[in-house]
Each structure stands twice: as structure tokens, then as C-alpha cells.
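Reader: Hi, I have a structure open and some quick questions. Can you walk me through it?

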Amino acid sequence: MESQEAAGELVAGAIRELITAKPDAVLGLATGSTPLPVYQALAKSFAADPIDVSRVRGFALDEYVGLPPGHPESYRAVITRDVVEPLGLTPENIHVPNGDPATIRTAGDDYERAIIAAGGVDIQILGIGRTGHLGFNEPGSSFGSTTRIKTLTEKTRADNARFFDSPDDVPMHCITQGLGTILRARHLVVLAFGESKADAIAAAVEGPMTASQPGSAIQLHPHVTVIVDAAAASKLANLAYYKHAWAHKAPWEGI
Ligand code: GLP
């Protein structure tokens, strides 16, 4: 895409269409900087032409373990600030894995049950980390994994240090939907912008399928949309073909 704004509008259009057809749609929500243009475009679209979103449900991908309740950088707080409030969603309908150490041993299974009880995720928004992680599935994550505790790599902790007062404040552990959980969503939308994501995108889209590149799990999914800018696309070997397919995309294809 030519801009992050255009990418955001494209995905927001697909989400709006989904909610219009299914008012209690289940959205898979991602944190990080990458999905922000999607949430901003959706908020704009709802403000300009409101639709009923009171029954929309949502599941976040991941959460830090051990941050005090209400910490501004907990993903619960981030999802509330960046998604629930600007979009006017019903807070009780939006789920985030529980990172409380006291209940962490059962939190993963509880989360899996909640996703299944909701009927599964209709559209899963995904960013990708420089280590190739989806959610917080760091290299070595099984393609069959479900929601569980992971230890963050030092690279990911360093990347996320910008949100904390000091790099040491970034938690060591997280709870994340597994790659197996993510693969059960009915439509995956992977977004990536900037040169720093070019290797992870090339590995995810064209590399061998391997737990060492968690993003490559998307190659197993029947419906994936990868939305990148020129810099994030710069290491794709088949780029000319993808551009050709995009240029000839029929209006009935959807994204
Ligand atoms: C974070 C999140 C991921 C996100 C990734 C990239 O740590 N757990 O869900 O996709 O890292 O973040 P950003 O979009 O800010 O580059």
C-alpha cells in the first residue's frame, strides 16, 4: 500500500462490512503500533456514518504477566485506550488474557474456552515482530500451540522498552494466544510497515515453514491478507507477481 492510512482504510472497510453483516462479529485485536491506522480509520468511519457496534465482541492476542492492574502499558489498558473507547465498543464484550500471576496456570485454558464459546474469531488483525513473532509467539513456538505463558526474547523486550520508563521495566513473561489459536481464526490480516519488518515478512510469506519463524505459520491458513508498504515488502522475491495480482483484483474478491 502507498501509505499506512490507506492500509488502515482498507482493513477498516472490511471490518465495517463484517459488522454490518454480523452485528455480533468477533474481532481478533492486536496491540503494537502497526494496527493503529486500522483503529483510527474505523473510529473515523463510525463517527461519519454510525453503525450499531454494541454487540461486537473482541479478543486480544496477548498480555504481559505481572504488571500491576491498571498499568497504562498493560495490553488491557492499551486495548481500552486504542480500541474500545475510540470505537465505542461494549467493554464487557472485549477480552484480554489475564496476566495475573496468581491465576496464570489456568488463564490460558480459560481464554481458549472463551474464544470457542464465542464461536471463534471472524477476523484477526496481526502485526509481526522483528523476531517474526505473531502475538508474542517467539521463535520456537509450536504451530499447534494454544494460549499459554511465554518468555520474551531480549530483542522483543528491547523493542517494547519504548513504552516503559526503563528497559528493565519490560516484563520477562507474557501470556499469548498460540499459533494454533491464531490459525483457527477465519480470516487473518497481517500488517507490516517499514524496513525493520522486511525480513520477518519475507520469512512469513515465502520462507520455509518453521517454528523458528513463527510468522510462517500463516502459510497453513486458508484465508490470509498481508498488507505491507514498499519498505516492508522489499525482500519479497515474488513481489512483481503480488503487485500484478493486486492490480487485477476483482471487486467481488474482497480482501
Ligand atoms: C508486540 C505485540 C505484537 C506486535 C509486535 C509488533 O510486542 N505483542 O502483537 O505485532 O510486537 O509491534 P509493532 O506493531 O509496534 O511493531
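Reader: Let's start with Pro91. Is Pro91 buried, exposed or partly exposed?
Author: Pro91 counts as partly exposed, because its relative accessibility is 48% and that class runs between under 20% for buried and over 50% for exposed. Keep in mind that this is a predicted model.

Reader: Where is the place of Pro91 in the chain?
Author: Pro91 sits in a loop. That loop runs between α3 (75–87) and β4 (94–95).

Reader: How far apart are Pro91 and Gly58 in space?
Author: Their C-alpha atoms are 9.4 Å apart. In sequence, Pro91 and Gly58 are 33 residues apart.

Reader: New topic, salt bridges. How many does the count come to?
Author: The count comes to 10 salt bridges.

Reader: Why can side chains pair up like that?
Author: Side chains with opposite charges can pair when their charged atoms come close.

Reader: Show me one. What does Asp110 form a salt bridge with?
Author: Its partner is Arg113. The closest N and O atoms of Asp110 and Arg113 are 2.7 Å apart.

Reader: Where do Asp110 and Arg113 lie?
Author: Both are in helix α4, residues 104–117. Three residues separate them in numbering, about one turn of the helix.

Reader: And is Asp110 buried, exposed or partly exposed?
Author: Asp110 is partly exposed, because its relative accessibility is 38%. Arg113 counts as exposed, because its value is 52% and exposed means over 50%.

Reader: OK, next pair. Which side chain meets Arg184 in a salt bridge?
Author: That of Glu112. The N to O distance is 2.8 Å.

Reader: Which parts of the chain does the pair link?
Author: Distant ones. Arg184 is in the loop between α6 (179–183) and β8 (188–192), while Glu112 is in helix α4. The two are 72 residues apart.

Reader: Glu112, then: buried or exposed?
Author: Glu112 is buried, because its relative accessibility is 7% and buried means under 20%. Arg184 is partly exposed, at 40%.

Reader: Is Arg157 buried or exposed?
Author: Arg157 is buried, with a relative accessible area of 10%.

Reader: Which residues do salt bridges that share partners join into one network?
Author: Lys22, Asp122 and Arg186.

Reader: Switching to the ligand. How many residues surround the ligand?
Author: 13 residues do. The closest are Ser33, Thr34, Asp62, Asn160 and Lys197.

Reader: What is the distance from a ligand oxygen atom to the side chain of Asn160?
Author: An N or O atom of the Asn160 side chain is 2.9 Å from an oxygen atom of the ligand. For the side chain of Arg162, the distance to a ligand oxygen atom is 3.0 Å. Ile128 uses its backbone: an N or O atom there lies 3.5 Å from a ligand oxygen atom.

Reader: What share of the ligand does the protein bury?
Author: The protein buries 92% of the 390 Å² that the ligand exposes when taken alone.

Reader: Which pocket does the ligand sit in?
Author: The second largest pocket.

Reader: Last topic. Where does Ile116 lie?
Author: Ile116 is in helix α4. Ile116 is exposed, with a relative accessible area of 57%. From Ile116 to Thr181 the distance is 9.8 Å, C-alpha to C-alpha, and they are 65 residues apart in sequence.

Reader: And where is Leu10 found?
Author: In helix α1, residues 4–21. Leu10 counts as partly exposed, at 24% relative accessibility. Leu10 and Ala41 are 31 residues apart in sequence, and their C-alpha atoms are 8.7 Å apart in space.

Notes: Residues are numbered from 1 along each chain as its sequence is written. This is a predicted model: local features need pLDDT of at least 70, side-chain atom pairs count only at pLDDT 80 or more; totals for chains, interfaces and linings use all residues. Side-chain values use heavy atoms; hydrogens and water are left out. A salt bridge is a side-chain nitrogen of Lys or Arg within 4 Å of a carboxyl oxygen of Asp or Glu. Helices (H or I, at least four residues) and strands (E, at least two) are DSSP runs, numbered from the N terminus. Buried means under 20% relative accessible area, exposed over 50%, partly exposed in between (1.4 Å probe, protein chains only). A residue is near a molecule or strand if one of its heavy atoms lies within 4 Å of it. A polar contact is a pair of N or O atoms within 3.5 Å; within protein, one must be able to donate a hydrogen and the other to accept it, and residues adjacent in sequence count only if both atoms are side-chain atoms. Accessible areas come from the Shrake-Rupley method with a 1.4 Å probe; for residues, only the protein chains shown count as cover. On a 1 Å grid over the protein atoms alone, a cavity is a set of points where a 1.4 Å probe fits but cannot get out, and a pocket is an open set with protein on both sides within 12 Å along at least five of seven lines; lining residues have an atom within 4 Å of a point. A molecule sits in a cavity or pocket if more than half of its atoms lie within 2 Å of its grid points.
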